[in-house]
Amino acid sequence: MNIGEHARSALWLGVSFLIFIASLSGAYALFQTSARINEQTYHLTASTDPNIHSTLKIDNPYTCTGAEVRQTIHQIDSLQVDIMVNGTLYPKDLDPDEVDVSSIELDQKYTPAYIRNTEGQLVMLRFT
Amino acid sequence: MKITSFAVVLVLILLFIFVRNHIDLEDNRTNLLLQTRYNRAIDTATQDAAQALITNVSQPLESQYQSAKNVRINKEQAADTFFQTMYMNFNVIHDPTGQYVLNSYIPALVVIGYDGYYMYQFEEYRNARGETEFRHVWSPKKPYVYKDQHNNTYSFTLDDYVTIQRSADEKWVKGFREEIANEAGVPLLEDAAAFDAARRTTIVNAIQNDLERSINRYNVTSKRYGTSYTFTVPYISQEDWNNTINDAGVLAFVQGIPLGSQYYNNYALGGRGLSKKKYFREYM
């Protein structure tokens, strides 16, 4: 091997090394960019999720106020089901403007129960 | 170690990192695509449901001349349309098992009517074979009820029409706020701003509380059926609530659909601007 070949080989090695370093730098930059995009996307997806501000609470028994019960009875013609409040039946065909609902205490809490038929349709609304 | 071997080792290490990065990118890309598809699906289904709300159900019940917002709603048609559009978009239209699975990701559907709202929610009931069935059923119509400090009770609507039971003589008074303000003798009716604030707060609170209760109950019951996802009431901005209660419409919730390493959660409002046209056609 003469001195010219040594020089050529050294030059090739130098050029290869430079290309390798340049590729490595480029790859590193590319990796950094895609990693940043990834992180940003995850962040964006998480921030647009409307459920991150959840309002989960302990399941309390469902109760209605007397006011709700009275107004529900007044809308009985659109409900099209009988309503029973503490044993008193309000049939679905009653005249809502003439009904006497004074026995329903405004400040009392009532627990509603939905009575359904075998199709799952509501047939009676019961407040106790 | 020769320099070439060193380079090979370095490239192998980098390759591992790049492959990992590529998987993450691909995961994100798929998630975004699916999310866009799901958003479209739920938006379309809700809009379709809102359109179906005004499907004529009974001709004598159609004419409600008091208010342009007082449209007679067909909630059954709206729910059917919502689920049909969802099944079509999720490609389970001919797959009852897929439909059942998709249903379980929809904890509640709220139909907002003129003088009350309905919840289409999961509930247990006994079917004709005597078995307990757990599926979507309708709640009764729930009025937007408010009680003031004088014990007068109000049933609000999506506009100024109100039904009051006066505490003084227990008489029912109904009409538009402006028209009955003098006759009713109820202080809240004399202040338009306070009336509107009370009306909006009552409607939003009623729907919000009911939704919370319904979703929490669904969580408790669905756990028994093997659902591991915890459903929550999403945060809905005040602007969205204001839009929701402007007109009759549909509010749909879809939660818990697996989306790569995440879950899909969204809600959609449909039916804004749903009101009767303000003209009459003259027939010859």
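This is a predicted model: local features need pLDDT of at least 70, side-chain atom pairs count only at pLDDT 80 or more; totals for chains, interfaces and linings use all residues.
The model is read with local features at pLDDT of at least 70 and side-chain atom pairs at pLDDT 80 or more, while totals for chains, interfaces and linings use all residues; side-chain values use heavy atoms, without hydrogens and water. Residues are numbered from 1 along each chain as its sequence is written, and chains are lettered from A in the order in which they are written.

The size of an interface is often given as the accessible area lost when the parts come together. Chain A and chain B bury about 4600 Å² between them, and 57% of this area lies on carbon and sulfur atoms; the buried area is what the two parts lose on being put together, summed over both, with a 1.4 Å probe. Between chain A and chain B there are 17 residue pairs in polar contact, both residues being at pLDDT 80 or more. A polar contact is a pair of N or O atoms within 3.5 Å; within protein, one must be able to donate a hydrogen and the other to accept it, and residues adjacent in sequence count only if both atoms are side-chain atoms. Helices (H or I, at least four residues) and strands (E, at least two) are DSSP runs, numbered from the N terminus.

Chain B has seven helices and nine strands. Of its 284 residues, 50% count as buried, meaning under 20% relative accessible area, with exposed over 50% and partly exposed in between (1.4 Å probe, protein chains only). Among the contacts in chain B with a separation of 6 or more, 56% join residues 24 or more positions apart.

Side chains of opposite charge can pair when their charged atoms come close. A salt bridge is a side-chain nitrogen of Lys or Arg within 4 Å of a carboxyl oxygen of Asp or Glu. Over all chains, the whole structure holds 14 salt bridges, and the count between chain A and chain B is four.

| Pair | Closest N and O atoms |
|---|---|
| Arg70(A) and Glu170(B) | 3.4 Å |
| Arg135(B) and Glu133(B) | 3.4 Å |
| Asp196(B) and Arg199(B) | 3.0 Å |

The salt bridge of Arg70(A) and Glu170(B) crosses between chains, from helix α2 of chain A to the loop between β6 (161–165) and β7 (172–176) of chain B. Arg70(A) is buried at 5% relative accessibility, whereas Glu170(B) is partly exposed at 30%. In the pair within chain B, Arg135(B) is partly exposed at 30% relative accessibility, and Glu133(B) is partly exposed at 26%.

Asp196(B) and Arg199(B) are three residues apart in helix α6 (residues 192–224) of chain B, so about one helical turn separates them. Asp196(B) is partly exposed, with a relative accessible area of 27%, while Arg199(B) is buried at 4%. A network of salt bridges also links Lys142(B), Asp210(B) and Arg213(B).

Methods: Contact means heavy atoms within 4.5 Å.
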